[in-house]
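Subject: Structure handover

Hello,

The model we discussed is below, followed by notes on what was found in it. Please look through it before you set anything up.

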Amino acid sequence: MTICSAPGKVFLFGEHAVVYGKRAIACAIDLRTEVEVNRGGNGIHIHSAFKDDPDKNPYIKMAIKKVQQYVDIKNLSVKVSSTIPIASGLGSSAAVTVATIGALNEEFQVGLRKEEIALMAYQTELEVQGAASPTDTFVSTMGGTVIVPDRKVLPPISCGIVVGHTGISKSTARMVARVRALKEKYPDVIGGIMDSIGCISVRGEDLIKKNDYRSIGELMNVNQGLLDALGITIPELSLQIHAARQHGAYGAKVTGAGGGGCMVAICDEKKCKEIATAIGRSYGDSFITRSTSEGLIIK
Ligand code: MEV
């Protein structure tokens, strides 16, 4: 029997633009998905905590198929539990995929290194959802703060992080397709927006190394303006973002594909409670989280 867990994530900068090869920066957060694999039984059985989300099982099935390229897996039970809200931009699909591949790698002694697990998880996401960047799977495998496509890993950020959850589920694939259609219609205009988002992530690396959270927040706000221009913000997310800023967040923006899901604010740790309350009053739920250096781990 092997149990592995992998974290969710927030994007500080760069969602959508990363799909076109621009730079993005994401942080692993302390919400996790745990996958337990047991050999034996008759056939392959998945007991998923995502009962109300049958969409997660394809990720687990595809992850098993990928590992089956290396070892013969016939009889297996897989149990999944998770604290990451689903379909919310917090990387729940990546976490279940990474934790499944990690657990199978250990149980069947496949010998994949972390970089190879991240790559296999990315290929799994690509096959299941059609479009994906390697951000979610890389940060979930490595932990800390990651820069994609460079695949750099920096330590976790050490300011307060507050997440607002609209509870409105969204499809990443659909949002990516909408942005792609806009880009195809206005390549000159939207191409410029993607370039600007990429520039923000380039500036972001240095600011993260200097722990300059005020400037990081300022650039998150600029990034949000550009995401708004891509049409991925909904009014409920705007309410949460403005509530966070009004209550002293250094910066606040959508995290992930948008169209629902979550926003993220960074702030002085002393302000977390006040900002979480303000977000919750504006719309939906909120919670305080931390950035973590723990990526994929064997328990
Ligand atoms: C989804 O969490 C973020 C997007 O950039 C898609 C991706 O990076 O795979 C919209």
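Helices (H or I, at least four residues) and strands (E, at least two) are DSSP runs, numbered from the N terminus. This is a predicted model, in which local features need pLDDT of at least 70 and side-chain atom pairs count only at pLDDT 80 or more, while totals for chains, interfaces and linings use all residues. Residues are numbered from 1 along each chain as its sequence is written, and side-chain values use heavy atoms, with hydrogens and water left out.

Ligand site

Strand 1 (2-13) and helix 5 (172-185) each give at least two residues to the shell around the ligand. By class, that shell has 6 nonpolar residues (Ala, Val, Leu, Ile, Met, Phe, Trp, Tyr, Cys and Pro), 3 charged ones (Asp, Glu, Lys and Arg) and 4 polar ones (the others, Gly among them).

Of the 13 residues around the ligand (a heavy atom within 4 Å of it), His16, Val18, Ala132, Ser133 and Gly256 come nearest. Two polar contacts (pairs of N or O atoms within 3.5 Å) stand out for checking. A ligand oxygen is 2.5 Å from a side-chain N or O atom of Ser133, and a ligand oxygen is 2.8 Å from a polar backbone atom of His16. The protein covers 97% of the 300 Å² of accessible area that the ligand has on its own (Shrake-Rupley method, 1.4 Å probe).

Backbone

His16 lies in the loop between strand 1 and strand 2 (24-39), and its phi is positive, near 70°. The Val148 to Pro149 peptide bond is cis, with omega near 10°; Pro149 is in the loop between strand 5 (145-148) and strand 6 (152-154). Most residues other than glycine have a negative phi, and most peptide bonds are trans.

Regards

Technical notes. A polar contact is a pair of N or O atoms within 3.5 Å; within protein, one must be able to donate a hydrogen and the other to accept it, and residues adjacent in sequence count only if both atoms are side-chain atoms.
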